[in-house]
Amino acid sequence: MHRMFRGAARTAAIAALTVSSGALVAVPPAIADIGADIGLVCSGKAGTHQVALRIDSTVPTSGTVGQPVQLGTIKVDVSLPPELVKEVEPAPSVEASAPPVTGVTPSSATAPALGGVAEIQVAVRGLGGDRRGGWPAFALAAAPPRGDGAVHLTGSGVAPPVVPESPGGLSWSAGAVGLSLVPDETTAKDAEELALRCVAEKETVLGTVDVKRGNGTAVPGASSASPRQAAAPQHLCEMIPAGGEDPRYAINRDDPKLAAIYESPPKPDGTFDFPDTGIMMCIKATGFFNLRKAENAAPVAVETNARVPTESSQGNPFTGPNWSELRGYSVNQTYPASATLLGFGFMPTRAEARAEQVRPPGSGPGAPVTGNLRILQSQPLAIPGPTVENHEIRAAAYIRLKAGQTEVNGVPLDLGDKCMTSPTLLSATGFMGNLRTGTTQYDQGQTLIAEDFTIPPFSGCGVDEDLSPILTASVSGAGNYANLESGRWCLVESGHNCADGAGELPRTFTVYPGGAVTAVAKPFTLTNGDAEFRCDSATMRFTMERGRWQSRFRLGKGDMALADCQVKASDGPVYQVEGEVTQDGALWINMIINETTGDPEMKINGVLLNAAVDLGGGQKCTLRISDELRSLFATVDERPGEMQGTYGNGTFSVQAHTLKPSVKSTCQIPGFTEPGIPFSSANGDFAFDPVQQITTP
């Protein structure tokens with residue numbers, strides 16, 4: 001089954017982790033349902049069996065040549081005959097070979113103790129030719145019995161968009177399927193994976209989109225120019241060679257400083273490693289650069305051309321580790337930026353500078369000119385072994401600074417065209433969250449910070465006299481700091497997340513007036529059928545920084561308390577909560593942009609509530625409310641939940657959530673005993689005091 005991994009590794013870079021972490025995927029407003037029932041003949045060491053597969057998704061009702069066509073969430077249902085299920089029994093431990101997880105449909109406590117992974121080969125067909133659909137590997141969990149005698153495994157995922165090349169019909173056809181089945185975690189360590197190769201009784205068309213000719217505008221990321229030429233003059237986005245094509249464009253393992261980003265934390269044993277050519281991406285970032293010696297800051301605008309992943313490492317979803325690592329390489333270019341500071345004897349000095357990426361010092365002309373990238377993430381699942389605690393991105397490259405037009409007290413100063421520093425290492429890190437703060441996906445943009453950056457001495461400055469010592473004395477030295485906010489990563493070849501064929505500008509927010517903020521909802525309720533958790537008031541307290549150009553991630557930090565609460569059981573009795581309901585740990589405010597409406601929306605991450613319930617007669621219990629941490633088969637622990645909704649006129653209105661009774665609750669109150677079942681609704685309008693203006697940009 002090792003071949004299953006290779007097909008899934010590339011897609012895991014973009015789609016799989018997005019789905020499993022709960023990111024929202026925009027769906028065009030006019031959509032149609034597609035899907036089919038497919039009969040499969042599956043063979044393996046357990047013999048030959050008849051298996052049924054159901055696929056469901058949605059597509060736009062029409063498409064345009066050169067514009068991405070995006071399927072909605074793909075849902076799969078695998079129906080196994082009982083005699084096949086009996087073959088999945090514990091066996092001596094062997095190295096499993098399941099593809100990376102892309103999405104899990106939760107199963108109830110009564111579901112069979114079975115899980116698996118499916119890889120479906122899908123062909124995309126149109127007048128421009130056939131191609132592989134690049135569908136992800138689907139992690140499967142057992143669904144409750146349906147009374148038909150079969151065992152149903154379900155899962156979900158997202159496929160990459162397709163860019164049609166000509167008008168006509170664009171269709172998706174399902175073919176061969178790879179299945180990997182294992183029993184639950186109580187025996188998974190000693191269980192042998194049952195691998196099956198399945199062929200469809202006939203090729204099945206899942207659905208077709210009518211593609212029309214466009215209006216003649218350029219296709220994002222599909223320039224008619226040479227692949228090495230910039231796609232448009234207003235930006236620096238250009239294709240760079242794929243992995244294995246050109247040794248000058250590759251991960252640099254020879255330079256110890258560039259390779260250091262892969263050393264800590266070390267990649268654990270037990271991962272499956274895959275080479276790849278990498279997806280071509282362009283990223284725009286803007287920010288500032290603090291010059292320590294000049295005690296001033298300069299604006300920075302960067303465009304990065306990257307290939308990710310050219311290598312990927314995935315843990316086994318059954319036996320661990322819970323590890324997803326993507327590696328790649330990049331070429332960074334900066335737009336010329338100017339700043340005014342006091343130099344040359346405290347006279348106003350305005351200088352233009354740019355950074356040029358270069359090879360490591362001492363390397364030959366055939367060495368990579370690229371910098372190294374590393375992305376670390378994990379699945380929000382209970383998987384044995386080491387895990388990635390904090391999602392992060394790391395980047396390292398050598399650059400040199402080149403000075404351009406300079407004015408001293410308004411008088412031009414000719415520095416020549418060779419005024420620059422020697423190469424210096426630029427290493428940056430971006431925090432992408434954890435279970436407490438919530439996580440953001442790397443291709444959605446993030447904040448990158450470079451600390452203690454060293455500016456080397458300048459040389460070659462001046463025409464009639466050597467001005468290099470003056471520039472060196474003004475700005476060179478250690479202790480400099482850079483802060484960059486990137487926009488969504490543009491997938492150049494498909495045009496996904498692109499703006500005019502290049503990366504989008506960063507999405508930042510302005511907060512005013514900031515400071516200490518109280519947000520109160522009266523009342524706040526969580527319901528599940530006839531069961532209800534109700535509080536007369538819920539109060540969140542945050543500290544928010546006032547200012548412009550703030551990152552959407554972790555915009556505020558705080559806590560929460562709920563007062564005058566009661567718990568109504570689904571069979572009628574009402575129980576009082578003693579004292580306040582408390583919040584365990586910090587809450588975080590994160591802002592997102594609704595891709596359908598374009599409006600900002602708010603997320604409150606880190607919700608973990610603790611209530612002491614009086615059952616009467618001297619009996620008490622603890623009701624905890626959180627999200628769930630699942631294995632592939634059942635709820636095994638709690639994790640912080642989230643609330644999401646609109647923010648307008650100073651009020652956050654809850655519209656969606658992930659809150660459930662926690663597996664750590666001790667209450668056996670009807671309606672609050674199923675940790676895997678979320679509350680059907682959450683209602684609360686939190687009024688901010690003072691009213692906060694949260695706008696973008």
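Which strands do the buried residues of α4 pack against?

Modeller: A word on the source comes before the answer: this is a predicted model. The buried residues of α4 pack against β19 (391–408), β24 (447–455), β25 (458–459) and β26 (477–486).

Now to the helix itself. Helix α4 covers residues 468–475, and its buried residues are Ser468, Leu471, Ser474 and Val475. An α-helix has 3.6 residues a turn, so residues three or four places apart point the same way. The face of α4 that is turned away from the buried side carries Pro469 and Ala473, which are exposed. In this description, buried means under 20% relative accessible area and exposed means over 50%. Just after α4 comes glycine 477, whose phi is positive, at about 140°.

The rest of the chain gives this helix its setting. The protein chain has four helices and 47 strands. It holds 697 residues, and 53% of them are buried. Among contacts between residues at least 6 apart in sequence, 73% join residues at least 24 apart. The accessible surface of the chain comes to about 29,400 Å², and carbon and sulfur atoms account for 51% of that surface.

Some of the strands can be described pair by pair. Strand β1 (residues 31–44) and strand β2 (residues 47–60) run antiparallel and are joined by 14 bridges. Two residues lie between β1 and β2, and the two strands form a hairpin. Within this pairing, alanine 36 has isoleucine 55 in β2 as its bridge partner. Strand β2 also pairs with strand β4 (residues 74–80), again in the antiparallel sense, over five bridges. There, alanine 52 stands opposite serine 79 in β4.

A loop residue can be buried as well. Proline 241 sits in the loop between β11 (204–212) and α3 (256–259). Its relative accessible area is 2%, so proline 241 counts as buried. The C-alpha atom of proline 241 is separated by 8.8 Å from that of methionine 280, although the two residues are 39 apart along the chain.

Key
Residues are numbered from 1 along each chain as its sequence is written. This is a predicted model: local features need pLDDT of at least 70, side-chain atom pairs count only at pLDDT 80 or more; totals for chains, interfaces and linings use all residues. Side-chain values use heavy atoms; hydrogens and water are left out. Buried means under 20% relative accessible area, exposed over 50%, partly exposed in between (1.4 Å probe, protein chains only). Contact means heavy atoms within 4.5 Å. Two strands pair if DSSP finds at least two bridges between them. Accessible areas come from the Shrake-Rupley method with a 1.4 Å probe; for residues, only the protein chains shown count as cover.
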